[in-house]
Amino acid sequence: QVQLVESGGGLVQAGGSLRLSCAASGSIFSINKMGWYRQAPGKQRELVATSTSGGSTNYADSVKGRFTISRDNAKNTVYLQMNSLKPEDTAVYYCNANILTQAMGVWRSFWGRGTQVTVSS
């Protein structure tokens, strides 16, 4: 099967930086969109940033200019560089990827288990 494993979360002071990584492994034929979502306590999961295999990116307005998504297609890995972090960025960050597990299969959405990011004021 397919696994997405996130790393890089932690505790940081406001204004600091963190870099998240997410590596996809398993039965992978192709990956299209990869991205990051987050969920704060008591709130719904929301989009942070996405990146297509063609290089197009999309960001939530709240993170534009502070976060940068990138990916290494050869390693099936997506990154999220987070700068100028704010307390409101505190959340569990989840990796998501649209993956084709076989040539004649269907695209499926996979999620990682999440990594906690805590920004102190």
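This text walks through a predicted model, from its disulfide to a strand pair and then the core.

Start with the cysteines. The model holds 1 disulfide. Cysteine 22 and cysteine 95 form this link, with their sulfur atoms 2.0 Å apart. Cysteine 22 sits in strand β3 (residues 18-26) and cysteine 95 in strand β9 (residues 91-100), so the bond ties together parts that are 73 residues apart in sequence. The angle about the S-S bond is -80°, and the link is left-handed. Are the two cysteines buried or exposed? Both cysteine 22 and cysteine 95 are buried.

Now turn to strand β7 (residues 67-72). Its covered face carries Phe67, Ile69 and Arg71. Its uncovered face carries Thr68, Ser70 and Asp72. In a regular strand, side chains alternate between the two faces of the sheet. Strand β7 runs antiparallel to strand β8 (residues 77-82), and 6 bridges join them. Across this pair, serine 70 stands opposite tyrosine 79 of β8. The hairpin of β7 and β8 has 4 residues between its strands, and asparagine 76 takes a positive phi near 50° there.

Next comes the core. The largest nonpolar core has 30 residues. Trp36, Leu80, Met82 and Tyr93 have the most contacts inside it. Strands β1, β3, β4, β5, β7, β8, β9 and β11 each supply at least two of its residues. Which strand gives the largest share of this core? Strand β9 does, with 5 residues. Nonpolar side chains tend to be buried together in soluble globular proteins.

Beyond its neighbours within four places in sequence, leucine 80 is in contact with residues including Leu18, Leu20, Trp36, Val48, Phe67, Ile69 and Tyr93.

Conventions:
Residues are numbered from 1 along each chain as its sequence is written. This is a predicted model: local features need pLDDT of at least 70, side-chain atom pairs count only at pLDDT 80 or more; totals for chains, interfaces and linings use all residues. Side-chain values use heavy atoms; hydrogens and water are left out. A disulfide is a pair of cysteine sulfur atoms within 2.5 Å. Buried means under 20% relative accessible area, exposed over 50%, partly exposed in between (1.4 Å probe, protein chains only). Two strands pair if DSSP finds at least two bridges between them. A nonpolar core is a set of buried Ala, Val, Leu, Ile, Met, Phe, Trp, Tyr and Cys residues joined through side-chain atoms within 4.5 Å. Contact means heavy atoms within 4.5 Å.
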